[in-house]
Amino acid sequence: MRSHLLVEHTSASGPSIAVYDSLVRCWSVVPLPNFGRLVAASSGLFCILADPGRPPSLVVGNPLTNRWKHLPEIPLSVPAHGPQLIAMVAENSTGTFKVVVLFGIWADDATDAYLPFVYESASDKWAQRSNVSASLSFATSRSVVKSPGILLSVDSNADSILSYNIASNVGHTLRLQRSPSFNKEDPKTNLWRRLPQIAICQGMPFLVARCVGERAPVCKLGQLPIVQHSSIGVWRVEDGCDSWEFVTCMPLDLLEALVKGSDGTDFIVASNGDSNLFFVLKGSAHMLAYDPSSSSWTLLPGCPADYNTYPLHQSAFYEPLVWAFDL
């Protein structure tokens, strides 16, 4: 029942999950069925987006037992975009789980509201909830679930955070007074599409993005320079605050070690919830961990992902692999 860092990747043999065991500091690989994209994980269950159509098709199951359940069709009957956000909350104490899907309702090229649907395994049905107001567009790669069932998402400018309570269907947007100074895209390659990202650590949202200013190593794919990096920064929002607080920048020597051998374009950020942020970079021989309590960085073995087939939508979670109940 120990939790592990779980990173979705695609290898020559098909889709799988790379599993990092922090006790022995090594990776193993667990195959996934070739249903589609991994979009959520909780308490040993995994949610796969099998078809992003209208309405989307979702599958929930456990890769260790290879038991999977195709969820009923979402009763989407109004024009909407998405799914914009997908999350899952599973309870090993009761053997039940919920899946929440938020569709965007657009006006003037911006998300005006979200239309939530919640699936409950106890009833095997979807229920449409009332709209949740939100004035900006949010991306699934920038969303996390904070215990006990609060879906958080940050917009691409990092100046708003959407908080949605899955149980009560209460949502609100926190507009941050001070946004961090960061570069949203690499000026040479336009490939930094995954940053900024957020993760929950020590009960607070942490933001990871490119800093403005410092210059760092040039990544190379073979002999071809691919990306000129700036430093990677970390910010956080404490409870009751309405602004980002700068925490640290990734040391440039560690960033250089991290990008060596990779194409340098696709950071994945995750957290174990209480002590570490993890920085995974595709094709790298290393992974980095940052401990906010001690302000310390640690080089760890890199994720065994094949960057030739590495999906840009890759997901990372910190969850157990065991689900003790039948689906």
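The questions below concern a predicted model.

Q: What describes a pair of aromatic rings?
A: The distance of the centres and the angle of the planes.

Q: How many aromatic pairs does the structure hold?
A: The structure holds 10 aromatic pairs.

Q: Why is the pair of Phe278 and Tyr318 called stacked?
A: The ring centres lie 6.0 Å apart, and the planes are at 5°. Centres within 6.5 Å make a pair, and planes under 30 degrees apart count as stacked. Therefore Phe278 and Tyr318 are a stacked pair.

Q: What makes this a link between distant parts of the chain?
A: Phe278 sits in strand β23, and Tyr318 sits in strand β26. They are 40 residues apart. Both Phe278 and Tyr318 are buried.

Q: Why is the pair of Phe279 and Trp297 called tilted?
A: Its planes are 40° apart, with 5.4 Å from centre to centre. Stacked needs under 30 degrees, edge-to-face needs over 60, and the rest are tilted. So 40° makes this pair tilted.

Q: Which parts does the pair of Phe279 and Trp297 tie together?
A: Phe279 lies in strand β23 and Trp297 in strand β25, so the pair ties together parts 18 residues apart in sequence. Phe279 is buried, as is Trp297.

Q: Why is Ser163 called buried?
A: Its relative accessible area is 15%. Buried means under 20%. So Ser163 counts as buried.

Q: Where is Ser163, and which residues does it touch?
A: Ser163 is in strand β15. Among the residues that Ser163 touches are Ile150, Val170 and His172.

Key
Residues are numbered from 1 along each chain as its sequence is written. This is a predicted model: local features need pLDDT of at least 70, side-chain atom pairs count only at pLDDT 80 or more; totals for chains, interfaces and linings use all residues. Side-chain values use heavy atoms; hydrogens and water are left out. Helices (H or I, at least four residues) and strands (E, at least two) are DSSP runs, numbered from the N terminus. Buried means under 20% relative accessible area, exposed over 50%, partly exposed in between (1.4 Å probe, protein chains only). Contact means heavy atoms within 4.5 Å. Lists of a residue's contacts leave out its neighbours within four places in sequence.
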